[in-house]
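Here is a quick walk through a few packing details and charged pairs. Have the model open while you read.

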Amino acid sequence: MKLIFHIWRQRDRGSPGRMVRYEKDGLNPDMSMLEALDVLNEDLTIKGEDPVVFEHDCREGICGSCGFMINGVAHGPLLKTTVCQLTLRHFENGQELYLEPWRAKAFPILRDLMVDRSAFDRIIASGGYISTPTGSAPDGNVIPISKEAAERAMDAAACIGCGACVAACPNASASLFTGAKISHLGLLPQGQPERASRALRMVARMNEEGFGQCTNIGECEAVCPKGIRLEVISRMNHDFLKASWAARQPATD
Amino acid sequence: MQLTETIETTRLWRPGSLSLAANAPSGPIERAWDKARFEMKLVSPANKRKHEIIVVGSGLAGASAAATLAELGYNVKCFCFQDSPRRAHSIAAQGGINAAKNYHNDGDSVYRLFYDTVKGGDFRSREANVYRLAQISVHIIDQCVAQGVPFAREYGGTLANRSFGGAQVSRTFYARGQTGQQLLLGAYQALERQVDAGRVKMFPRTEMLDLVVVDGKARGIVTRDLVSGAIESQAADAVVLATGGYGNVYFLSTNAKGSNCTAIWRAYKRGAAFANPCFTQIHPTCIPVSGHYQSKLTLMSESLRNDGRIWVPLNKGDKRAPNEIPEAERDYYLERRYPSFGNLVPRDVASRNAKAVCDEGRGVGEHGLGVYLDFADAIARLGRGVIEERYGNLFEMYQRITGENPYQTPMRIYPAIHYTMGGLWVDYQLMSTIPGLFVIGEANFSDHGANRLGASALMQGLSDGYFILPYTIGNYLAAHKFEKIDTLNEEFRAAQDAVAERTSRLLQTRGTRTVDSFHRELGKLVWDFCGMSRNAGGLEHAIGKIRELREEYWREVKVPGAAKEINQSLEKAGRVADFFELAELMCIDALHREESCGAHFREEHATADGEALRDDARFSYVAAWQYNGGDPPLLNQEPLSFEYVHPSQRSYK
Ligand SMILES: Cc1cc2nc3c(=O)[nH]c(=O)nc-3n(C[C@H](O)[C@H](O)[C@H](O)COP(=O)(O)OP(=O)(O)OC[C@H]3O[C@@H](n4cnc5c(N)ncnc54)[C@H](O)[C@@H]3O)c2cc1C
Ligand code: FES
């Protein structure tokens, strides 16, 4: 099968970028989108041109490395699917595809389809953990956790940190990402002691990193390859408001 | 144990003279780790701050080690090549992690996990290490639960378990089909907490390209910044490699695309012995190859074998759709040949049997390289809901890739390379033959012998990282004096120059073939001749071919772009150059080991009914290879003795 790619090419952070057109024939519908780019890159290499830079590693939809916009949709048209798992059978022969990097102030473009998502690591570092130094844990069965709570925590914990939520949001908000971690830990008994400080610190860091505010549009949920629900943002707001309220100093005069 | 043969000099290897002392404590095995810890020297809290430790790798082993070392007060620098430590390949592990908790009261114990692991490894691992692993397993679960890992639960709120290949008890803990992800996120979060506290400096998108040894001790690494292309050095008092396995030598594997052998291979070339490189594991349940463009193979968790039944048509060339083949014309070959373990035989046995039925012409799918994994009975027995809850995401993944619905038609699976038991040789303290160089996780050779049991790599990585290395490295640091070292010193400069030279050589070759085209060809050679089964003729042939191809590589490879920029082709090119050298050593190791054991199956050494035939009199040792410049590598032996689990022919009948 044949596809016509228009791909964002940009040398580095400082250079201007532009869309470049590539026609590729002889593709197989069972290939993944990334395998199609592999094939294109083999051609470019032989021709002496620079291959298209895109991020990837596991190619199983779990590491969160891959991701770009296909015709304006983060990770492309198939629900709950990263580009590494998106096979060409979901496209028409001869279709034109526009591939662009995630665009957000907090995710500077490094080259072509590759962006810098280190802001996500800094959000986690600000409080996305339960402080348990190695060796300090009680037996795993000491605190029972209802199946329901464990399953709901797992739903939120499934986030792969790919950044599609930010890319899809007109405000480039990282609320789905941050809310997912706050929900995962906040749903578990082990996460309670730091619940308030976690929400305060993570939300503050998210704002400092230059992500926009959430205005409940819901595009993030629509593109999330792991099906993280908007409800995690409500949980984040709840924890944040409650913690902000509690943290207010009583009036002194 | 006394080895009956001395090593002869051959065309391909020579005898080495390393004395490989494991230094495991003597006395009862149950007390060994306690005793070792008691005998270890300690670094006082005030002095820990003064030590720098480099940890290369941020997978389960590296992240858990870096976080724990920082908690103890050391200064840690941690490196990974991905953009975030959270993306290390451990993230992809699906099925679960073993621990001898015996929560299910089904007869499990530390001793049984130890026994199963030694037996599963076909008596090629070190008993004391394995015992310690089984002991520590229970603490890992506790640690992870406390970090917030959302393990599966029973309705009463206690932890749930499932069973896994090679075991008859339920001791595997899991978080849906994303156990590795959840365990790694736990370790990553602990790591990020230390980053925030300023005790770990994280270097993402940074690749280690050489080890620096000063006065016989590991004192630093040379790295390339994958964004700017800058080649730099980092100094420390000790270096920990947690860089994962080398399965990508086969090109097609279940490993992430970036997984590579460069860190351990560079260490080998600086003097660290490489143990049992030919022990590579083939996983029985992967999605079969669909075309030559294929970039990697996708694993279907082995936990599927709990409820799925494996079969092929009874008759050769039966091309009917699976649902049209009546019960009587199906061969459930694992259940038939191994009535007591059935579909849950260990991986090597399951893989070889799949190959055998396909070689007989009974394979399924377009290329005949596949067998069915059928859930029809399980769905009838348990209902679709239960199956969906247990394996929903795996079924979804299968359907996404193949376009077929496994609730309705059986999955097609075929073996693929998955894990490497071989790796850098380490002693009981997890230190390599280079003082100050520690190796943890899949990168070392230690605990799985010739075959790893399912759900025990995650256990080993976390055991090494959380609970073993943080003690043993202190023992090393306390016992030595460290002069302050400058990365401008001679050894650092020389190593850095060598890296820069290699990089520019790759860029300047400007040949006619891409890196991937070479890698595919190399991978096919290794798969054909040093894969699921091996023989002397094939291995000799492969060694010759690998050398020819390597020579062509350095003449004909085409690496576009420049050194001082993001250059993914250059990254691959360096890794593949190292795979070429490792592939040769794997074949040499496989050739020298004239026995079959675990995943290493030499066709010349099989029982009458085709099972692996060990030769304990000649080969009950760890083969530790030493680099010898341009000359054939040196073979050293660490004899293995079994005081607790008596070597027997493994039987899963
Ligand atoms: C698909 C799949 C499923 C699996 N499922 C299971 C399972 O269910 N249960 C189980 O027990 N095991 C499983 N395994 C095996 C297990 O996941 C691995 O053995 C284990 O996670 C390896 O962990 P590690 O920390 O040693 O290395 P990795 O997780 O591979 O991490 C390696 C780290 O080293 C870094 N690195 C490598 N080279 C360099 C370099 N040169 N410079 C800088 N950094 C470098 C990488 O960036 C990465 O951070 C599975 C494996 C696969 C492939
Ligand atoms: S490459 Fe890992 S999620 Fe796509």
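Predicted model: local features only at pLDDT ≥ 70, side-chain atom pairs only at ≥ 80, totals over all residues.

Residues are numbered from 1 along each chain as its sequence is written, chains are lettered from A in the order in which they are written, and side-chain values use heavy atoms, with hydrogens and water left out.

**A helix pair in chain A**

Helices here are DSSP runs (H or I, at least four residues) and strands are E runs of at least two, both numbered from the N terminus. In chain A, helix α5 (residues 175-186) and helix α6 (residues 195-208) have axes that come within 11 Å and cross at roughly 170°. Those axes are lines fitted to C-alpha atoms over the stretch in contact, with angles from 0 to 180 degrees between N-to-C directions. α5(A) and α6(A) are therefore roughly antiparallel, a label for angles over 145 degrees.

Which residues of α5(A) meet α6(A)? On the α5(A) side they are A:S175, A:T178, A:K181, A:I182, A:L185 and A:G186, and they meet A:R195, A:R198, A:A199, A:M202, A:V203 and A:M206 of α6(A). Contact means heavy atoms within 4.5 Å. By class, the contact of α5(A) with α6(A) has six nonpolar, three polar and three charged residues. Ala, Val, Leu, Ile, Met, Phe, Trp, Tyr, Cys and Pro count as nonpolar, Asp, Glu, Lys and Arg as charged, and the others, Gly among them, as polar.

**Salt bridges**

A salt bridge is a side-chain nitrogen of Lys or Arg within 4 Å of a carboxyl oxygen of Asp or Glu.

| Pair | N to O distance |
|---|---|
| A:D50 and A:R11 | 3.3 Å |
| B:D83 and B:R87 | 2.7 Å |
| B:K572 and B:D516 | 3.4 Å |

For burial, buried means under 20% relative accessible area, exposed over 50%, and partly exposed in between (1.4 Å probe, protein chains only). In the chain A pair, A:D50 is partly exposed at 24%, and A:R11 is partly exposed at 42%. B:D83, by contrast, is buried at 6%, and B:R87 is buried at 2%.

B:K572 sits in helix α16 (residues 568-592) of chain B and B:D516 in helix α14 (residues 515-530) of chain B, so their bridge ties together parts that are 56 residues apart in sequence. B:K572 is partly exposed at 34%, while B:D516 is buried at 11%. Elsewhere, salt bridges that share partners join B:D122, B:R124, B:R593, B:E595, B:R614 and B:D616 into one network.

**Helix α14 of chain B**

The buried residues of α14(B) include B:D516, B:F518, B:L522, B:L525 and B:V526. What covers the buried residues of α14(B)? The cover includes α1 of chain A, together with β12 (280-286), α15 (536-556) and α16 of chain B.

**One buried alanine**

B:A187 lies in helix α6 (residues 179-196) of chain B and is buried, with a relative accessible area of 0%. Leaving out residues up to four places away in sequence, B:A187 touches B:A63, B:S64, B:A67, B:Q147 and B:Y466. The C-alpha atoms of B:A187 and B:L60 are separated by 6.7 Å, though the two residues are 127 apart along the chain.

Definitions and conventions: Parallel < 35°, antiparallel > 145°, perpendicular 65-115°, else oblique.
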